[in-house]
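User: I am new to this structure and would like to learn how to read its features one at a time. Could you show me the model and then take me through it?

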Amino acid sequence: MRGFTDARGVDLAPHGKTTMSPALWRRQLEAGAWAITVATPWQLRVAHAAGIKRVIHAGAVLSASDLLHIAHLRSADPELRVYVWTDSAQSATMIAATYPEDAPPLQVLVEGGAPGARTGARSVAECLAAARVVRNARNLQLCGVTAWEGSLRGARGPGGRALVAAFCDGIADSYEAIADAGLFAETEDPVISAGGSSFFDIVVERWADRLSGAPVKPRIVLRSGCYLTHDDGLYQNSSPFAAPDGPRLRPALHLWAQVVSRPEPGLALLNAGRRDAPYDGALPIPQLIRGRDSASSSLALKGAEITQLNDQHAYLTLSEASDLRLGEVIRCGISHPCTAFDKWTVIPVVDDARSDEPTLIGAVRTVF
């Protein structure tokens, strides 16, 4: 990921809610990340407590207690930069009315959106209206424009990439309109930010050339987070690094589960379920049997599929000829890392997930 961003002259503020692991955030920053992104004020507190000095809060902060807390953090730590979002003149007015005027100014990004998508102003005019409120507030600084292309209707269907490209063009229109109106704060280079883990290549393609010659050139900041572990489902199929002729990501997060019952031919029960693995994107994918060679694993798991999860059991359907044995341990791929990390307070790290006997070499602590 560092090679991708360096080659294209863009920055990365990976979404910390993917892992909620300060140790991994620090590794990302050490590898060149510009900031860490969070989704909630509570996650912002975790990031600050972990020593993160530049944080993007991907959404509006409207609670008075949360805004007062951010003001307190910024007053106590002059190095801390916090970027919050607004997607309307109304929310910008609420932030300006609540954030203390005697605190260091709060950095604000105007969020653009699209009809039927998630948050975000639905038009250039609405982005401009929000930007004017921020600009006119003495306690706020307008620092850029932001968006998330992943919530677009149809983005993952046929023609989805063209839809995302058109959306990115619209966000660039809003950026240029705000820049032409002279609304950005003069104290720092403005930001334009987007990029989940599926379409960040399109974001760069649409913005890098178009905005490189803008009178007010922005810092392009991607917020992709799932690249860190990748997966065997959602992002295996949608990541720009999934193309066979380019750089590829290696899935680095797996579910290991033991066969605890063979109650009938063609069925095994594993001791892991919804409490242990993500299931919002796809169910875990059986891949190999620990301690068996690849040929034996492939034969025993040929056609095998996890078809159902209970809280802590998985239903593994098998060929009736499978010789899968009680007590064996199966490595499964997962889909959607964000809803895997949140199920574990400590995640073991092994030397080689493909080994017959993986060796524990460390652990990652999460904060949920």
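User: How many bridges join strand β7 to strand β8?
Analyst: Strands are DSSP runs of E with at least two residues, helices are runs of H or I with at least four, and both are numbered from the N terminus; two strands pair if DSSP finds at least two bridges between them. Here β7 (residues 191-194) and β8 (residues 219-222) run parallel and are joined by four bridges, with Ile-192 opposite Ile-220 in β8. This is a predicted model, in which local features need pLDDT of at least 70 and side-chain atom pairs count only at pLDDT 80 or more, while totals for chains, interfaces and linings use all residues. Residues are numbered from 1 along each chain as its sequence is written, and side-chain values use heavy atoms, with hydrogens and water left out.

User: In what order do the eight strands of the open sheet lie?
Analyst: The order is β1-β8-β7-β6-β5-β4-β3-β2, with parallel pairing. Because β1 (11-12) and β2 (36-38) each have a single partner strand, one side of each is left without a neighbour in the sheet.

User: Which strands form the antiparallel open sheet?
Analyst: Six strands form that sheet, in the order β11-β14-β9-β10-β13-β12. Within this sheet, β9 (residues 254-264) pairs with β14 (residues 329-333) over five bridges in the antiparallel sense, and Trp-256 has Arg-331 in β14 as its bridge partner.

User: How is a pair of aromatic rings described?
Analyst: A pair of aromatic rings is described by the distance of the centres and the angle of the planes. Rings of Phe, Tyr and Trp (its six-membered ring) pair if their centres lie within 6.5 Å, and planes under 30 degrees apart count as stacked, over 60 as edge-to-face and the rest as tilted. The structure holds five aromatic pairs, among them the tilted pair of Trp-34 and Tyr-83, at 5.8 Å centre to centre with 45° between the planes. Trp-34 lies in the loop between α2 (22-30) and β2, whereas Tyr-83 lies in strand β4 (residues 81-86), 49 residues apart.

User: Are Trp-34 and Tyr-83 buried or exposed?
Analyst: Buried means under 20% relative accessible area, exposed over 50%, and partly exposed in between (1.4 Å probe, protein chains only). Trp-34 is buried, because its relative accessible area is 12%, and Tyr-83 is buried as well, with a value of 2%.

User: Which residues are linked into a cluster by ring pairs?
Analyst: Ring pairs link Phe-4, Phe-200 and Phe-241 into a cluster.
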